[in-house]
Amino acid sequence: MDRLTLAAYDNDAAAFAKDWHAQPVPADLHDIVRRFFIKGGTTADIGCGSGREVAWLNANGFPAVGYDASDGLLAEARARYPHLDFAHAELPDLRGIAANTFDNLLCETVIMHLDRALIAPSVARMLDIVTPGGMFYLSWRVTEGADQRDQHRRLYAAFDASLVKAEISAATRLLDEEVISASSGKKIHCIVARKAA
């Protein structure tokens, strides 16, 4: 994770959590999960933030664990959802998570916060922890031109989708589209892939 981005999330975790939970429900994301994820399958939310989607996944038949690199955001998640499971894990290593562990993996608008050199190994590692035949949902905010930082100093890396697609070439892509997020209102690229059995 980019250090300035991680510091922003750690230092202002409560404010980010409040903002995210006030956003419209991400109905588009939920529709994709219902359409493609394995119902009842073990599910990882990588970059879970303050836990909103972990709560939704668990409530809708996708038993989920949330992972994040920000201890501040994990504290927010645990305070909001004390009955759910959250753990510290950082891309690209995801230390402590074994290969072929989760039937479903959700990574919603996280990888654009990585240094460009870490994006490909992060995507490869996430696919690695999906079970054979399991489902991988990945999205990122699209940044045109050069890398940018927002007013909080969070990194938004500019990169071509081919960088991601090369790392999942052995998987079957079931969805690949650029859309405007129903929750954030930003342009995002979404991919759903099934890992080879």
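Is cysteine 107 buried or exposed, and what is its relative accessibility? At 0% relative accessibility, cysteine 107 counts as buried, and the legends below, which describe close-up views of a predicted model, begin with this residue.

**View 1. Cysteine 107 and the other cysteines of the predicted model.** A search of the whole structure finds 0 disulfides. For cysteine 107, the closest cysteine sulfur belongs to cysteine 48 and lies 11 Å away, which is too far for a bond because a disulfide requires two cysteine sulfur atoms within 2.5 Å. Cysteine 190 is likewise in no disulfide, and the cysteine sulfur nearest to that of cysteine 190 is the one in cysteine 107, at 12 Å. Cysteine 190 is buried, with a relative accessible area of 2%, and cysteine 107 counts as buried at 0%.

**View 2. The β-α-β unit built from strand 2, helix 5 and strand 3.** Strand 2 (residues 64-68), helix 5 (residues 71-80) and strand 3 (residues 85-88) are the elements shown here, and together they make a right-handed β-α-β unit. The two strands of this unit, strand 2 and strand 3, run parallel and are joined by 4 bridges. Within this pairing, aspartate 68 stands opposite histidine 88, a residue of strand 3.

View 3. Proline 92 is found in the loop between strand 3 and strand 4 (102-107), and the peptide bond that joins leucine 91 to proline 92 is cis, with an omega of about 5°. Leucine 94 has its place in the loop between these two strands and has a phi near 50°, a positive value in a residue other than glycine. Asparagine 100, also found in the loop between strand 3 and strand 4, has a positive phi near 55° and is likewise a residue other than glycine. As for accessibility, leucine 94 counts as buried at 0%, whereas asparagine 100 is partly exposed, with a relative accessible area of 42%.

View 4. The side chain of arginine 125 reaches the backbone oxygen of isoleucine 97 at 2.4 Å, and a polar atom of the side chain of arginine 125 lies 2.8 Å from the backbone oxygen of aspartate 93. When neighbours within four places in sequence are left aside, the residues in contact with arginine 125 are Pro92, Asp93, Leu94, Ile97 and Ala99.

View 5. Aspartate 128 is found in helix 6 (residues 116-128), and its side chain is joined to that of arginine 125 by a polar contact of 2.7 Å. With its neighbours within four places in sequence left aside, aspartate 128 is in contact with Ala99, Asn100 and Lys195. Lysine 165 is 37 residues from aspartate 128 in sequence, and the C-alpha atoms of lysine 165 and aspartate 128 are 15 Å apart in space.

View 6. Strand 9 (residues 187-194) is mostly covered, with 6 of its 8 residues buried. Strand 5 (residues 130-141) pairs with strand 9 in the antiparallel sense over 7 bridges, and in this pairing methionine 135 has arginine 194 of strand 9 as its bridge partner. Strand 8 (residues 172-180) and strand 9 also pair in the antiparallel sense, over 8 bridges, with isoleucine 188 of strand 9 as the bridge partner of valine 179. Strand 8 and strand 9 form a hairpin with 6 residues between them, and glycine 185 in the turn has a positive phi of about 75°.

Methods: Residues numbered from 1 in each chain as written. Predicted model: local features only at pLDDT ≥ 70, side-chain atom pairs only at ≥ 80, totals over all residues. Heavy atoms only, no water. Pairing = 2+ DSSP bridges. Right-handed = clockwise from strand over helix to strand, strands pointing away. Contact = heavy atoms within 4.5 Å. Polar contact = N/O pair within 3.5 Å; in protein donor to acceptor, adjacent residues only side chain to side chain. Buried < 20%, exposed > 50% of the residue type's maximum accessible area, 1.4 Å probe, protein only.
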